[in-house]
Amino acid sequence: MNEKVIIIAVKQPKQTNHHFESSLAELNSLSKTAGGDVIQIFTQNRDNIHPGTYIGSGKLEEVNASIQEDQVDLVIANDELSPIQLRNMSQAFGVRTIDRSQLILDIFAQRARTKEGKLQVELAQLEYLLPRLRGQGTALSKLGGGIGTRGPGETKLETDQRHIRRRIHDIKQRLQTVAKQREQYRKRRKTNDVLQIAIVGYTNAGKSTLFNQLTNSTSLEEDQLFATLDPLTRQIQLPSGMNVLVTDTVGFLQDLPTSLIAAFKSTLEEVKEANFLIHLVDGSHLDLNQQQDTVLQLLQELQADTIPMLTIYNKKDKWVQGVIPMNHPYMFMSAYQTEDVQQLLHKLEALLKADWSFYSLTLRPDQGKLLQQLEHESIIESKMFSEDEQVYKLNGYMRKGIALNRLLEE
């Protein structure tokens with residue numbers, strides 16, 4: 001049975017109405033994803049958030065009356081709460097109170113599948129909880145079930161700060177080892193000169209659907225926020241026969257908790273190390289411009305904003321009205337349409353060719369190994385075997401600066 005939830009939010013003068021409404025709608029979706037039923041949303045216009053109770057005393061009483069009347073289980077604040085606000089509000093309401101960050105962390109705890117993913121989420125949760133332990137009494141020592149308690153709560157988290165600090169240190173050490181392994185994989189991929197493409201985008205834009213269509217995989221596909229948490233990489237072939245690696249990444253979100261971005265640093269490095277990005281946008285979403293801005297801003301923070309990118313406006317089968325593209329180059333598609341996926345692969349090749357070096361080569365039959373390398377690491381536009389000269393004649397395009405390029409220059 002789903003928990004009954006009340007959402008509370010403060011709108012400050014610096015926020016536009018559009019951004020405020022958008023963040024509320026998103027919090028509503030996040031609550032549903034975590035398994036909650038939102039009964040009511042309370043908003044308050046204030047110049048500043050109340051330092052002790054987030055909302056004013058009058059609104060506090062209003063919320064309290066609704067909690068009693070509807071037998072609400074949980075209150076979720078739209079902004080990150082300070083330890084004092086969290087304590088005061090929990091006492092005032094008499095029910096569990098969490099904030100946006102804790103809710104997102106809780107969803108990540110549900111979604112983590114790999115050992116690394118679980119460690120990253122636990123680290124983010126512990127770093128979030130540490131400053132909030134004081135004054136919580138036994139509330140955190142025996143966390144029950146429900147939204148905001150998954151992850152460390154399942155192991156009856158001790159309220160001993162030293163214990164938590166030791167655990168944080170231990171997780172960081174283990175994640176460092178995993179990060180080194182991931183770095184080794186990346187170096188190996190770079191040595192092999194395989195082109196790496198990362199699919200990025202706002203959560204629920206359809207990244208896993210596209211990834212599955214491109215790779216014939218069956219990674220988790222759900223119409224929910226953060227259906228994919230752990231990055232997956234698969235090899236695919238472009239129409240020319242060239243091999244490329246495609247990575248499905250975790251979805252972005254506005255106001256992601258800082259601790260979460262820090263914890264997922266090694267995972268997000270997959271984006272930074274890519275040679276090309278596919279930015280997938282849900283073209284049917286009312287707030288698609290805001291979502292595009294959020295992704296571009298996070299790419300900038302990751303120092304991945306200079307990587308060549310194709311923006312895809314997805315879910316065209318659900319569009320109510322036409323989409324005006326904000327970013328170029330772009331294309332419209334539905335990830336479920338096979339012909340659209342094929343069109344995407346051809347578009348990718350065209351964009352890569354525009355940026356790469358043209359070559360025209362003649363190879364002897366005994367240079368089969370080099371020919372195979374060219375087929376896998378470059379885009380061959382034409383290939384023919386001359387019976388008279390007993391040679392292969394090739395025209396194509398390849399990346400600048402790769403080992404194959406240097407080999408041909410010798």
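User: Which residues are buried in helix α12 of this structure?

Analyst: This is a predicted model. In it, helix α12 covers residues 368–377, and Leu-370, Leu-371, Leu-374 and Glu-377 are buried there.

User: Where do the buried residues of α12 lie, seen down its axis?

Analyst: Start with the general idea. An α-helix has 3.6 residues a turn, so residues three or four places apart point the same way. Now the case here. The buried residues of α12 fall within an arc of 150°, so they line one face of the helix.

User: Next, aromatic rings. What describes a pair of them?

Analyst: Two values do: the distance of the centres and the angle of the planes.

User: How many aromatic pairs does a search of the whole structure find?

Analyst: The search finds six. One of them joins Tyr-330 and Phe-332. Their ring centres are 5.4 Å apart and their planes meet at 45°, so this pair is tilted. The cut-offs explain the word: planes under 30 degrees apart count as stacked, over 60 as edge-to-face, and the rest as tilted.

User: What are the values for the pair of Phe-385 and Tyr-392?

Analyst: The rings of Phe-385 and Tyr-392 lie 4.9 Å centre to centre, with 55° between the planes. That pair is tilted. Phe-385 is partly exposed at 30% relative accessibility. Tyr-392 is partly exposed at 26%.

User: Which residues do ring pairs link into a cluster?

Analyst: The cluster holds Tyr-313, Trp-319, Tyr-330 and Phe-332.

Methods: Residues are numbered from 1 along each chain as its sequence is written. This is a predicted model: local features need pLDDT of at least 70, side-chain atom pairs count only at pLDDT 80 or more; totals for chains, interfaces and linings use all residues. Side-chain values use heavy atoms; hydrogens and water are left out. Rings of Phe, Tyr and Trp (its six-membered ring) pair if their centres lie within 6.5 Å; planes under 30 degrees apart count as stacked, over 60 as edge-to-face and the rest as tilted. Buried means under 20% relative accessible area, exposed over 50%, partly exposed in between (1.4 Å probe, protein chains only). Helices (H or I, at least four residues) and strands (E, at least two) are DSSP runs, numbered from the N terminus. The arc is that of the directions from the helix axis to the C-beta atoms.
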